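Please look over the sequence and the 3D structure below. The briefing that follows goes through selected features, grouped by topic.

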Amino acid sequence: MKLYLKPGACSLSPHIVLRESGLAFDVAAVDLAAKKLEDGSDFLAVNPKGQVPTLAFDDGAILTEGAAIVQYVADRVPETGLLPAVGTMERYRVLEWLNFIGTELHKTFSPLFRPTTPDAYKDIAKQTLTAKLTVVESELAGKDYLTGDRFTVADAYGFTVLRWAPRVGLPLDGYPNITAYMARVAGRPAVAAALAAEGIA
């Protein structure tokens with residue numbers, strides 16, 4: 001498998017999950033603005049959506065969308081507990097978090113990185129994110145990870161997206177549970193390895 005990524009982007013989530021899984025994989029960095037790979041080739045020939053993450057297979061097939069990729073990887077190695085078994089409430093709690101992070105956090109952060117987003121809209125997005133961060137802070141009370149005492153694919157995504165907060169002027173200092181959580185996740189060997197590989201440790 002080959003994971004196409006942009007350092008520090010949402011593709012960090014499946015990168016972490018792949019390292020946690022123990023499965024063999026390669027990575028390829030993408031210049032999203034130019035839609036080019038490091039060798040100058042056209043990324044759109046790999047993924048017509050022009051987005052990361054993209055997981056490519058030896059037979060030429062690709063899988064896109066971070067939440068789908070992490071579920072695929074986790075289901076390849078069920079013994080890791082990265083995603084609980086089908087039919088269990090524990091699995092649906094993880095999926096609940098994946099959806100919350102994707103729709104309520106990730107998509108609210110995205111406009112803050114675009115230079116064309118009006119300042120008035122950025123202010124509204126920050127207010128929305130502040131409210132959502134308060135929810136995450138409350139949910140993490142007494143827990144090591146988002147769903148309890150076990151690291152899952154939801155934590156890979158949560159950690160990835162929460163890393164963006166200080167970059168857009170939302171420091172996490174006022175959220176002690178989130179701050180402790182971020183340090184805990186960053187201390188995992190697979191997470192540290194993914195950060196180092198992307199040059200963002």
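In which loop does Pro 53 lie? Pro 53 sits in the loop between strand 3 (36-37) and strand 4 (54-56); helices (H or I, at least four residues) and strands (E, at least two) are DSSP runs, numbered from the N terminus. This is a predicted model, in which local features need pLDDT of at least 70 and side-chain atom pairs count only at pLDDT 80 or more, while totals for chains, interfaces and linings use all residues. Residues are numbered from 1 along each chain as its sequence is written, and side-chain values use heavy atoms, with hydrogens and water left out.

**Backbone features in loops**

- The peptide bond that runs from Val 52 to Pro 53 is cis, and its omega is near 0°.
- Lys 35 has a phi near 60°, a positive value in a residue other than glycine.
- Lys 35 belongs to the loop between strand 2 (26-31) and strand 3.
- With a relative accessible area of 27%, Lys 35 is partly exposed; buried means under 20% relative accessible area, exposed over 50%, and partly exposed in between (1.4 Å probe, protein chains only).
- Glu 65 also has a positive phi, near 75°, and is a residue other than glycine.
- The loop between strand 5 (62-64) and helix 2 holds Glu 65, which counts as partly exposed at 40% relative accessibility.

**Two helices in contact**

- Two packed helices are described by the angle between their axes and the distance between the axes.
- The axes of helix 4 (residues 119-139) and helix 6 (residues 176-186) cross at roughly 70° and come within 8 Å; axes are lines fitted to C-alpha atoms, for helices over the stretch in contact, and angles run from 0 to 180 degrees between N-to-C directions.
- Helix 4 and helix 6 are therefore roughly perpendicular to each other (angles under 35 degrees count as roughly parallel, over 145 as roughly antiparallel, 65 to 115 as roughly perpendicular and the rest as oblique).
- On helix 4 the contact is made by Leu 133, Val 136 and Glu 137, and on helix 6 by Pro 176, Asn 177 and Ile 178; contact means heavy atoms within 4.5 Å.

**Salt bridges**

- Seven salt bridges are present in the structure, a salt bridge being a side-chain nitrogen of Lys or Arg within 4 Å of a carboxyl oxygen of Asp or Glu.
- One of them joins the side chains of Lys 132 and Glu 104 (3.2 Å, N to O).
- This pair links distant parts of the chain, with Lys 132 in helix 4 and Glu 104 in helix 3, 28 residues apart.
- Lys 132 is partly exposed at 22% relative accessibility, and Glu 104 is partly exposed with a relative accessible area of 29%.
- Another salt bridge is between Asp 144 and Arg 184, whose closest N and O atoms are 3.8 Å apart.
- Here too the pair links distant parts of the chain: Asp 144 is in the loop between helix 4 and helix 5 (153-162), and Arg 184 is in helix 6, 40 residues apart.
- Glu 139 forms a salt bridge with Lys 143, where the closest N and O atoms are 3.7 Å apart.

**An exposed residue**

- Val 86 lies in the loop between helix 2 (66-76) and helix 3 (89-109).
- The relative accessible area of Val 86 is 67%, so Val 86 is exposed.
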